[in-house]
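Walk me through this structure, element by element.

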Amino acid sequence: MTSSITVARVKQKRIAELISHGKRLDERGLNDFREVQLEVGVIERAEGSARVRLGKTEVMVGIKIEIGEPFSDVPNQGVLTVNAELVPLASPKFEPGPPNENAIELARVVDRGIRESKAISTEKLCIIPGKKVFIVFVDLWVLNHDGNLIDASAMAALAALLNTKIFNYEIKDDEIKIKPGYTQLPIVDHPIAVTFAKIDDNFVVDPWLVEEQVMDARFTITIDKDGKICALQKGGYGYFSMEKILEAAKIAQQKAEELRKIVVKG
Amino acid sequence: MTTYFEKRQLVTPGDLLAEGKYRAGENTYKDDDKIYATRIGIANLEDTTIYVVALKAFYVPSVGDMVIGKIVEVGISIWIVDINAPYLAVLRASDVLDRPFNPRRDALPAIFDVNDLIIAKLVAYDRTHDPVLTVREPDLGKITRGQIVEVTPTKIPRIIGRKGSMISMIKKETKCQITIGQNGVILISGKTPEDERLAVMAIRKIEQESHTSGLTDRVTEMIRKEKEV
């Protein structure tokens, strides 16, 4: 019954039952991520790119660097924009057209992780203060939706940023001239998102599609490289108790460390 | 009269399968006296008919099939059921009740509600009408417990096996009750979750290796090995 979105009640019951016994339908532990596969430099013409497969979920990220004007309140800082596309190819639920609220939420949560951890040293992206800076476009393309797009996208975005190179330039008479050669985009932090789904008062890490369809609520914690929380996002209609959130934060720290080893090689 | 494939060979759409006085069976077409494949699958020859068993396909409804469907809508006098086919099926209220249906007295959601799973039988279907279901036979009706496994409908004959050999072996080895819907939905209910897990594993193995021979023995072996652990 792949054509309809809701999950049969029998299956909902079974998932909740298994989780209360510490098991899951796909035989993972409650705090286990699916297998992560990572490729970088997959798009030749982009400044940076990466493709992440999280189980069957697949996200591709391309990064473009352009020269533009800074915001007037931060004249000496580069600009970061994140955009997400949920292409109809990825899921029967996705429709063509302008980004819907889910796409916007996805982009904003990924953006928040990168921005609030100060992963990109934006001061170094300034060319002429107040006039010209580099703009970093992070474009997320969801290629297959099997749950937990946030974590997969955050990982892919980070891997792509680490893979990004900026063209060299020089300033002559207030004009920017592009020189041959490239320098690495200055990345100083490595934010990793860890998402929890709440199903019947229990938390599971990295929910897959069916679990997302039956969950009461979702909670994303983004951890920077010092183990500090740099972004949070809550979704769905359910609620969380204080203890559960503290418990989740501890698990997130541990999981983020494991994932960071995969994403940040060397 | 020549065939251009070996027994159980994987073919792709457009592959020339045979030339001569053959009949074009499932998933093939005939151009003059040449037969070509229209789907990715395993080519077969039976008597003079050439057909392709598709690796993956939608369920095509057929009268008399037992299917497992999900209620997606409750109407005034009917339920709409998703049976994994290109068309939604209909279950009539008068079919479920023993008496004539009276919309003032009988509330349909109290019988089957949205997201309930039902085992039903297809009683009518043709190209002009949506499939019609019935639950007025023994063992049909609402599913209240058990585990659901979904496979591509073309694999169902392989899971059943020749004269039911495969499925009866799985039932015997895992001590689970297994109901197979022809639409690729399988219901497993066992005494323990461990038994059910074994049955699911067996079905997944068959799904993955359905094109190989000697599968029953290997599945038996796998279940026995898993049971010892």
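From strand 9 (192–199) of chain A, A:Ile192, A:Val194, A:Phe196 and A:Lys198 point one way. A:Ala193, A:Thr195, A:Ala197 and A:Ile199 point the other way, and all of these residues are buried. Buried means 20 or more other C-beta atoms within 10 Å of a residue's own; exposed means 12 or fewer, partly exposed is in between, and C-beta atoms are placed from the backbone. Strands (E, at least two residues) and helices (H or I, at least four) are DSSP runs numbered from the N terminus.

This is a predicted model: local features need pLDDT of at least 70, side-chain atom pairs count only at pLDDT 80 or more, and totals for chains, interfaces and linings use all residues. Residues are numbered from 1 along each chain as its sequence is written, while chains are lettered from A and ligands numbered from 1 in the order in which they are written.

Strand 9 of chain A has two antiparallel partners here. Seven bridges join strand 9 to strand 11 of chain A, with A:Thr195 opposite A:Thr220. Four bridges join strand 9 to strand 10 (residues 202–205) of chain A. There, A:Ile199 has A:Asn202 as its bridge partner. Two strands pair if DSSP finds at least two bridges between them. Strands 9 and 10 of chain A form a hairpin with two residues between them. A:Asp200, in the turn, has a positive phi of about 50°.

Helix 2 spans residues 101–116, 16 residues in all. From first C-alpha to last, helix 2 reaches 21 Å, close to the 22 Å expected at 1.5 Å a residue. That expected span is 1.5 Å times one less than the number of residues. The buried residues of helix 2 are A:Leu106, A:Ala107, A:Val109, A:Val110, A:Asp111, A:Arg112, A:Gly113 and A:Ile114. Just after helix 2, A:Lys118 takes a positive phi of about 55°.

Now the cores. A nonpolar core is a set of buried Ala, Val, Leu, Ile, Met, Phe, Trp, Tyr and Cys residues joined through C-beta atoms within 7 Å. The largest has 105 residues. Those with the most contacts inside this core are A:Val59, A:Val61, A:Leu140, A:Met155, A:Ala156 and A:Ala157. Helix 3 (residues 149–162) of chain A gives the largest share, eleven residues. Chain B contributes too: at least three residues come from each of domain 2 (66–143) and domain 3 (147–228). These bounds come from an automatic or database domain assignment. A second, separate core has twelve residues, including B:Ala18, B:Tyr22, B:Ala37 and B:Ala43.

What does A:Val59 touch, leaving aside its neighbours within four places in sequence? Its contacts include A:Leu140, A:Trp141, A:Val142 and A:Leu143, along with A:Ala152 and A:Ala156. Two residues are in contact if their C-beta atoms, placed from the backbone, lie within 7 Å.

Between the chains, nine residues of chain A are in contact with 14 residues of chain B.

Turn to chain B. Its assignment also gives domain 1 (2–54). The C-alpha centres of domains 1 and 3 of chain B lie 29 Å apart. An open sheet in chain B has four strands, in the order 2-7-8-4, with mixed pairing. Strand 2 (9–11) and strand 4 (23–24) stand at the edges, each with a single partner strand, so one side of each is left without a neighbour in the sheet.

Helix 4 (residues 193–208) of chain B has 16 residues and reaches 22 Å. Its buried residues include B:Leu198, B:Val200, B:Ile203 and B:Ile206. Among the elements that the buried residues of helix 4 pack against are helix 3 (165–174) and helix 5 (215–228) of chain B.

Finally, a loop of chain B. B:Asp32 lies between strand 5 (28–31) and strand 6 (34–37). B:Asp32 has a positive phi of about 55° although it is not a glycine. With 6 C-beta neighbours inside 10 Å, B:Asp32 counts as exposed.
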